[in-house]
Amino acid sequence: MDHAESAAGWHNARPHREAGAWRPWPVRYATRLAVIDVIVLVWVVFGVQIVWFGFATSDVELRDFGRSGLVISYTVISVLVIGIWMLALTIYGTRGYREIGTGSGEYRLVADSTVRVFGLVAIVAFLFRIDIARGYVLLAFPLGLVFLLLGRWLARQWLTAKRVAGHYMSRVVVAGSPANVTHVVNELSRSPQSGYRVVGACIPGGLKDAVQGAPVLGGLDDVSRSMRLSGADTVVIAGADDLSPEQVRELSWSLEPGREHLIVAPSLIDVGGPRIHTRPVAGLPLMHVEMPRYTGAKLVAKRAFDIVGSFLAICVLSPVMIAVAIAVASTSKGGIFYVQRRVGSGGREFPMFKFRSMVDGADASLPALLNAQGTSDKPLFKVQNDPRLTPIGDFLRKYSLDELPQLFNVFLGHMSLVGPRPQRSTEMALYHGRDYRRLLLKPGISGLWQVSGRSDVAWEEAIRMDLYYVENWSLTGDVVILWRTARAVVARSGAY
């Protein structure tokens, strides 16, 4: 294809860019976020002003400005605070293309910018002896942060729904070896909420049938042309084995600044963002990957979180547990609790407590039911439409009420609030190689498997989620999983 044909292809693929009216979706979405932020801050800051001072005009005196001082209305202060807050949210990139949509980075930047605005207001008030009402400040900033985060969360739910429907997506061309390209295509296809839609691939030789899930647009020398003709705005290099440093550099030079993006996907999978650090050294973008730690201060903090969280949950949910215990005892014969040996950290067994949701002697019939279901060789020993359930057993399981006694397991140190799924020794007998890494952490009442479909998740996917958690766990991640757990329990998906 000559230069004229290439230029024609570019024009036909994206003619609306030439008109000047088109704005990329990140800009449109960032504008929406800015409107949400303004509405939230105006509502919170002026709302606090009205609550604290009423509708009467209130002033504050700047004592260092002349003998009588300078008097400023709280309305002016509120406007200044909102303006500075919005400026900080912009400066710290809270609406940036790389932060919106996925991950906790957006929320963290919103919190960081809010804390800095709070500090700036405190410093200015001290230096200029501005006698701002403490209640006004101490209410406005925490409430502002809470509602900013809530607004961002609601906006993210909207964006996720749009992305699942195929909108607000980056159009991606993946370049690299067929194996690496196939892996990247499969992973991006599994997660449409991440915002990447693969529209084509470029592989050595341009073999048409070498990649599943994406059309092959050409060879590795055709990446720029393929992007133009397919309307892609992002190129993902899947591994760098087949592209020389010079080719990658020239490819980056050929991209349109601000509208086209270059992403390098190394041959490293299931690594959480906080473990990855990049820094340029001698012109090389070196990626440092921290190894997961299962000892030290982080583990102590996790245990403290478990103790406090389980104790508070036991206190709050004790009326519910008493009601469930009475219901279990009055609707079927047998004990209130069901105690089963499960495998914990290090392969040590422990007694796991549950409210009984099945008839007495239910374990004896499990092998026959699994054989009839055709899942006796699968480690997730779950029976759909289980005939062993008591009259209220199905209700208890749908809302996970049968698992409430596991809070005592957490308090006693057998389990954690969040962790890999606790399994039986017979299930562990089906482990292979990497699966044993699940035993590096205590099993959890909840985990990634539970917030991603629970028993509907295939074993291979469940083990992948558990391994990802073991390798990348953090207290922040635990809080997010617990929040998602509450939503999963309400949805009742995959619970049987």
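What is the handedness of the crossing of H3 and H4? The first close-up below takes that up, and the others move on through the rest of this predicted model.

**View 1. Helices H3 and H4 cross in a right-handed way.** Here we're looking at H3, residues 25-53, packed on H4, residues 74-91. Their axes sit 10 Å apart, at an angle of about 150°. The cut-off for roughly antiparallel is anything over 145 degrees, so H3 and H4 count as roughly antiparallel to each other. From H3, the contact takes in Ala-34, Asp-37, Val-38, Leu-41, Val-42, Val-45, Phe-46, Gln-49 and Phe-53. Facing them from H4 are Tyr-74, Thr-75, Ser-78, Val-79, Ile-82, Trp-85, Met-86 and Leu-89. Sorted by class, the contact of H3 with H4 has 13 nonpolar residues, three polar ones and one charged.

**View 2. H5 meets H6 at roughly 160°.** H5 covers residues 105-127 and H6 covers residues 134-164, and their axes come within 10 Å. That angle makes H5 roughly antiparallel to H6. The crossing of H5 and H6 is right-handed. On the H5 side, look for Glu-106, Tyr-107, Val-110, Ala-111, Thr-114, Val-117, Phe-118 and Val-121. The H6 side brings Val-137, Leu-138, Phe-141, Leu-145, Leu-148, Leu-149, Arg-152, Trp-153 and Arg-156. Count up the classes and the contact of H5 with H6 comes to 13 nonpolar residues, one polar and three charged.

**View 3. H4 and H6 also touch, with axes that cross at roughly 40°.** The axes of H4 and H6 come within 13 Å, and the crossing is right-handed. H4 puts in Tyr-74, Ile-77, Ser-78, Val-81, Trp-85 and Leu-89. H6 answers with Tyr-136, Ala-140, Phe-141, Gly-144, Leu-145 and Leu-148. This contact of H4 with H6 has 10 nonpolar residues and two polar ones, with no charged residues.

**View 4. Lys-354 is a buried lysine in strand S11.** S11 runs over residues 349-355. With a relative accessible area of 12%, Lys-354 falls under the 20% cut-off and so counts as buried. What does its side chain make a polar contact with? The partner is the side chain of Asp-402, at 3.5 Å. Setting aside neighbours within four places in sequence, Lys-354 is in contact with Ile-336, Phe-337 and Tyr-338, and also with Asp-402, Glu-403, Pro-405 and Gln-406.

**View 5. Ser-400 has a positive phi without being a glycine.** The value is about 60°. Ser-400 belongs to the loop between helix H12 (393-398) and helix H13 (406-412). Is Ser-400 buried or exposed? Ser-400 is buried, with a relative accessible area of 9%.

**View 6. Tyr-168 is another non-glycine residue with positive phi.** Its phi is near 55°. Tyr-168 sits in the loop between H6 and strand S3 (170-176). Like Ser-400, Tyr-168 is buried, with a relative accessible area of 13%.

**View 7. Zooming back out, the chain holds 16 helices and 13 strands.** How much of the chain is made up of buried residues? The figure is 42% of the 496 residues. As for contacts between residues at least 6 apart in sequence, 71% join residues at least 24 apart.

Definitions and conventions:
Residues are numbered from 1 along each chain as its sequence is written. This is a predicted model: local features need pLDDT of at least 70, side-chain atom pairs count only at pLDDT 80 or more; totals for chains, interfaces and linings use all residues. Side-chain values use heavy atoms; hydrogens and water are left out. Helices (H or I, at least four residues) and strands (E, at least two) are DSSP runs, numbered from the N terminus. Buried means under 20% relative accessible area, exposed over 50%, partly exposed in between (1.4 Å probe, protein chains only). A polar contact is a pair of N or O atoms within 3.5 Å; within protein, one must be able to donate a hydrogen and the other to accept it, and residues adjacent in sequence count only if both atoms are side-chain atoms. Contact means heavy atoms within 4.5 Å. Axes are lines fitted to C-alpha atoms, for helices over the stretch in contact, and angles run from 0 to 180 degrees between N-to-C directions. Angles under 35 degrees count as roughly parallel, over 145 as roughly antiparallel, 65 to 115 as roughly perpendicular and the rest as oblique. A crossing is left-handed if the near helix is turned anticlockwise from the far one by less than a right angle, and right-handed if clockwise. Ala, Val, Leu, Ile, Met, Phe, Trp, Tyr, Cys and Pro count as nonpolar, Asp, Glu, Lys and Arg as charged, and the others, Gly among them, as polar.
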